[in-house]
Amino acid sequence: MADGVNATAAALLGLLHEGPMTGGQLMATAERRLGPYWSMTRSQVYRELPALADMGYVREGKPGPRASQPYVITPAGKRAFARWLAEEPGLESLRNPTALRVAFGSHQSASALKGLYSTAAEEHTEALAAVREQIKVAKAEGDSYGVAALDFAVAYHKAALTWLKTAPAK
């Protein structure tokens, strides 16, 4: 964690390279650009922005309509982001709520498990379609790195759908 920059803070710094954004704009951009493979909550965004400002990595810009507060990345923030990029990413943390429930499948009925699998399959199918649409946009914009990251999300959803077909239902 370079200079106290965690992954969420680094993601915000990376997004701010595109220009000034309010917390709400950062949240929307993160959901659109990173959401298929990286989740961020509104509370995390609003907790990290003042911390980044205190570290001198962002500064408040000119207030906008309805007193919205945009943030701008500083040169120190760009350097901190570059250091974060150069770090080893560390181990990923996998948290799948469906797999957790399957681990306790012996405590559930066959119909409950089938319902769980059906719901999860619908969610992964919808997410897969959405990511494929995002890839089309990223390709049209010439964003080969965005496409590569989104390819991970495609592979994840395909793997989840394959797994759901073989998970035991009693």
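Does threonine 22 count as buried or exposed, and at what relative accessibility? The first legend takes up this residue; the structure in every view is a predicted model.

**View 1. Threonine 22 in the loop between H1 and H2.** Threonine 22 counts as buried, at 14% relative accessibility; the cut-off for buried is under 20%. Leaving aside residues up to four places away in sequence, threonine 22 touches Ser68, Gln69 and Pro70.

**View 2. Helix H3, residues 42-54.** Helix H3 has 13 residues, which at 1.5 Å a residue should span 18 Å. After H3 comes glycine 56, whose phi is positive, near 80°.

**View 3. The buried side of H3 and the side turned away.** Val45, Glu48, Leu49 and Leu52 are the buried residues here. Seen down the axis of H3, the buried residues fall within an arc of 110°, so they line one face of the helix. An α-helix has 3.6 residues a turn, so residues three or four places apart point the same way. The cover over the buried residues of H3 includes helix H1 (7-16) and helix H2 (23-33). It also includes two strands, E1 (58-60) and E2 (71-73). On the face of H3 turned away from its buried side are the exposed residues Arg47 and Asp54.

**View 4. Threonine 74 in the loop between E2 and helix H4 (75-86).** Threonine 74 has a relative accessibility of 12% and therefore counts as buried, since buried means under 20%. Its contacts include Gly56, Tyr57, Val58 and Arg59, when residues up to four places away in sequence are not counted. Among these contacts, Gly56 is the glycine that follows H3. Threonine 74 is 21 residues from alanine 53 in sequence, and their C-alpha atoms are 9.3 Å apart in space.

**View 5. The salt bridge between arginine 33 and glutamate 18.** A search of the whole structure finds two salt bridges, and this view shows one of them, with its closest N and O atoms 2.0 Å apart. Arginine 33 lies in helix H2 and glutamate 18 in the loop between H1 and H2, so the pair ties together parts that are 15 residues apart in sequence. Arginine 33 is partly exposed, at 30% relative accessibility. Glutamate 18 is also partly exposed, with a relative accessible area of 49%. Side chains of opposite charge can pair when their charged atoms come close.

**View 6. The salt bridge between glutamate 133 and lysine 136.** The side chains of glutamate 133 and lysine 136 meet at 3.1 Å, N to O. Both residues lie in helix H6 (residues 110-140), three residues apart, about one turn of the helix. Glutamate 133, with a relative accessible area of 44%, is partly exposed.

**View 7. A nonpolar patch on the surface.** The patch is formed by Tyr37, Trp38, Phe152 and Tyr156. Together these residues have about 380 Å² of accessible area. Tryptophan 38 is found in the loop between H2 and H3. Tryptophan 38 has a relative accessible area of 36% and is partly exposed.

Technical notes: Residues numbered from 1 in each chain as written. Predicted model: local features only at pLDDT ≥ 70, side-chain atom pairs only at ≥ 80, totals over all residues. Heavy atoms only, no water. Helix = DSSP H or I, 4+ residues; strand = E, 2+ residues; numbered from the N terminus. Expected span 1.5 Å × (residues − 1). Buried < 20%, exposed > 50% of the residue type's maximum accessible area, 1.4 Å probe, protein only. Arc of directions from axis to C-beta. Contact = heavy atoms within 4.5 Å. Patch = residues over 30% accessible without salt bridge, like charges linked within 9 Å, V, L, I, M, F, W, Y side chains within 5 Å. Areas by Shrake-Rupley, 256 points an atom, 1.4 Å probe, with all protein chains shown as cover. Salt bridge = Lys/Arg side-chain N within 4 Å of Asp/Glu carboxyl O.
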